[in-house]
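Work through the exercises below with the sequence and the structure in view. Try each task before reading its solution.

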Amino acid sequence: FVVNGATEYEKSDGYRAGTDYRIGQARVAIAAPLGAGQFESHAGVGVRDFGANDFYGPYNSTERTGTITTDANWTVAAGDWTLATTASARRHTDRFTLIRDDPAIYENLHTSWQSTGEVVARTNVGAAALALGADADNAQLSSDRLGSHAEWREALFGELALGTLASPSLNLGVRGDASSLYGGFLSPPLAVAVPVADGLRFRASASRGFRAPTWTELYYVDPTSVGNANLLPERFWS
């Protein structure tokens, strides 16, 4: 059973008026055998309070952020398979005050949650390495300026790897995502590598992916930025 941790505190008056800051951070980690496997868990907290004089505009602004993270992982051997399960959560708050001495003019508080869970099973099939898994992700936002929003995303994935560094190799995978906001998307990556001389290998790969728009891109509006709630995910080949 192993426990370790760390803590840090830092403060400054800043290099000019309105650029002061205070930062506090702490984390703790534990590791211990559990059943036939190994259990690990981490937790952390960070608070950052800083002056933003003239940073976002010609105002003596302030911003305070707070982040809490936690995760747990259990890895266990089950016959010819190795099973890894992971769960994690992150909570982030951000309070922005446009004018330090008069918060009533403009202040924004938003809180976001992100929770994830993943299960991955790995084994060898002859000379090939096989991985199969599933994950789920829930994102939530509560904001004075962006509103309240949520998204669920689930995925199934698999990967097959053949070959070694000294021989031709092939990596073939597939991942299917389902989003409560954007529907389904299939991502099939493929990579090959062939040794052509001592110290020289030829590599080629292709993959398909997508990137969902952020809450800011969808909903944030100020005098210089206009979000668009009708944005769709970016889809690309590489």
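## Exercise 1: The second largest pocket

Strand 7 contributes four residues to the lining of the second largest pocket, the most of any element. The model is a predicted one.

**Task.** Describe the second largest pocket by its volume, its lining and the elements that supply the lining.

**Solution.**
Step 1. The space in this pocket comes to about 370 Å³.
Step 2. Its lining is made up of 20 residues, and those nearest the centre are Gln114, Asp137, Ala139, Glu151 and Trp215.
Step 3. At least two lining residues come from each of strand 5, strand 6, strand 7 (128–143), strand 8 (147–162) and strand 9 (169–179).
Step 4. Sorted by type, the lining holds eight nonpolar, five polar and seven charged residues.

## Exercise 2: The largest pocket

**Task.** Which residues lie nearest the centre of the largest pocket, and which element supplies the largest share of its lining?

**Solution.**
Step 1. The volume of the largest pocket is about 560 Å³.
Step 2. Of the 19 residues that line the largest pocket, Tyr56, Phe96, Tyr106, Tyr220 and Asp222 are nearest its centre.
Step 3. Strand 5 (81–97), strand 6 (107–125) and helix 1 (215–219) each give at least two residues to this lining.
Step 4. The largest share belongs to strand 6, with three residues.
Step 5. By type, ten residues of the lining are nonpolar, six are polar and three are charged.

## Exercise 3: The cavity

**Task.** How many cavities of 30 Å³ or more does a search of the whole structure find, and which residues line the largest cavity?

**Solution.**
Step 1. The search finds one cavity of that size.
Step 2. The largest cavity holds about 70 Å³ of space.
Step 3. Its lining consists of Arg153, Asp177, Ala178, Ser179, Tyr182, Gly183, Gly184, Phe185, Phe210, Pro233 and Arg235.
Step 4. Strand 9 and strand 10 (183–187) are the elements that give two or more residues to this lining.
Step 5. The lining divides into five nonpolar, three polar and three charged residues.

## Exercise 4: Ala29

**Task.** Is Ala29 buried or exposed, and which residues does Ala29 touch?

**Solution.**
Step 1. Ala29 is part of strand 2, which covers residues 21–34.
Step 2. Its relative accessibility is 8%, and a residue is buried when this value is under 20%. Ala29 therefore counts as buried.
Step 3. Leaving out residues up to four places away in sequence, Ala29 touches Val2, Val3, Asn4, Ser41 and His42.
Step 4. Gly5 is 24 residues from Ala29 along the chain, and the C-alpha atoms of the two are separated by 6.1 Å.

How values were computed:
Residues numbered from 1 in each chain as written. Predicted model: local features only at pLDDT ≥ 70, side-chain atom pairs only at ≥ 80, totals over all residues. Heavy atoms only, no water. 1 Å grid on protein atoms, 1.4 Å probe; cavity = no way out; pocket = protein on both sides within 12 Å on 5 of 7 lines; lining within 4 Å. Points joined across faces, edges and corners; volume = space filled by probe spheres on them. Nonpolar A, V, L, I, M, F, W, Y, C, P; charged D, E, K, R; others polar. Buried < 20%, exposed > 50% of the residue type's maximum accessible area, 1.4 Å probe, protein only. Contact = heavy atoms within 4.5 Å.
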